[in-house]
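The sequence and structure come next.

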Amino acid sequence: MKTVKLQDIIGTENDVRGENWDSRRLLLKKDGMGFSLHDTVIKAGTETHIWYQNHLEAVYCIEGDGEVETLKDNKVYKITPGTVYSLDEHDEHLLRGGKEDMRVVCVFNPPLSGKEVHDENGVYPVDED
């Protein structure tokens with residue numbers, strides 16, 4: 001069994017920060033679970049273009065608010081605490097922080113190694129290790 005505490009991740013190499021988000025990576029590929037698990041804060045008032053061409057992602061909002069816009073159809077989905085959204089078709093999307101920071105729990109399949117950052121197209125590369 002393994003246990004991880006968020007407070008032990010903050011400030012380490014598993015606390016990855018982007019311009020619009022902070023991703024605290026709790027479980028990674030090396031943990032052998034078949035998925036990775038992240039506690040992520042989306043900063044209020046931001047917009048991030050994301051397109052996970054190589055990963056599926058499920059997201060559960062636990063604090064704050066925001067929205068997701070899928071670019072293939074321009075549908076906008078409001079995100080509030082208790083909302084789950086899944087990018088089950090590798091959906092290209094815009095993720096927007098709302099009036100306050102939005103805290104979400106994210107699950108990726110295949111799992112992330114922990115070092116990934118979005119490229120210019122909003123994509124995480126495939127970890128070939």
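Glutamate 63 is partly exposed, with a relative accessible area of 41%; partly exposed is the range between buried (under 20% relative accessible area) and exposed (over 50%), found with a 1.4 Å probe on protein chains only. The model is predicted, so local features need pLDDT of at least 70 and side-chain atom pairs pLDDT 80 or more, while totals for chains, interfaces and linings use all residues. Residues are numbered from 1 along each chain as its sequence is written, and side-chain values use heavy atoms, without hydrogens and water.

Glutamate 63 forms a salt bridge with arginine 103, that is, a side-chain nitrogen of Lys or Arg lies within 4 Å of a carboxyl oxygen of Asp or Glu. Glutamate 63 belongs to strand β5 and arginine 103 to strand β10, so the pair ties together parts that are 40 residues apart in sequence. Helices (H or I, at least four residues) and strands (E, at least two) are DSSP runs, numbered from the N terminus. Salt bridges with shared partners also join Glu47, Glu67, Glu69, Lys78 and Arg96 into one network.

| Salt bridge | Closest N and O atoms |
|---|---|
| Lysine 2 and aspartate 31 | 2.5 Å |
| Arginine 17 and aspartate 22 | 2.9 Å |
| Glutamate 63 and arginine 103 | 3.3 Å |

Aspartate 22 is buried, at 13% relative accessible area, whereas lysine 2 is partly exposed at 49%.

Glutamate 57, also in strand β5 (residues 56-63), is buried yet has no salt bridge. The nearest side chain of opposite charge, arginine 25, is 9.0 Å away; Lys and Arg count as positive and Asp and Glu as negative, with His and the chain ends not counted. Beyond its neighbours within four places in sequence, glutamate 57 is in contact (heavy atoms within 4.5 Å) with residues that include Tyr52, Tyr85, Cys106 and Phe108.

Strand β10 pairs with two strands named here. With β5 the pairing is antiparallel over 7 bridges, and cysteine 61 stands opposite valine 104. Strand β3 (residues 36-42) also runs antiparallel to β10, with 7 bridges, and leucine 37 has valine 107 as its bridge partner. Two strands count as paired if DSSP finds at least two bridges between them.

Two residues other than glycine have a positive phi. Asparagine 74, with phi near 60°, is in the loop between β6 (66-70) and β7 (75-79). Histidine 90, with phi near 55°, is in the loop between β8 (84-87) and β9 (92-97). The peptide bond from asparagine 109 to proline 110 is cis, with omega near -5°, and proline 110 lies in the segment after β10 (102-109). Most residues other than glycine have a negative phi, and most peptide bonds are trans.

Taken as a whole, the protein has 1 helix and 10 strands. Of its 129 residues, 43% count as buried. Residues 24 or more positions apart account for 63% of the contacts with a separation of 6 or more.
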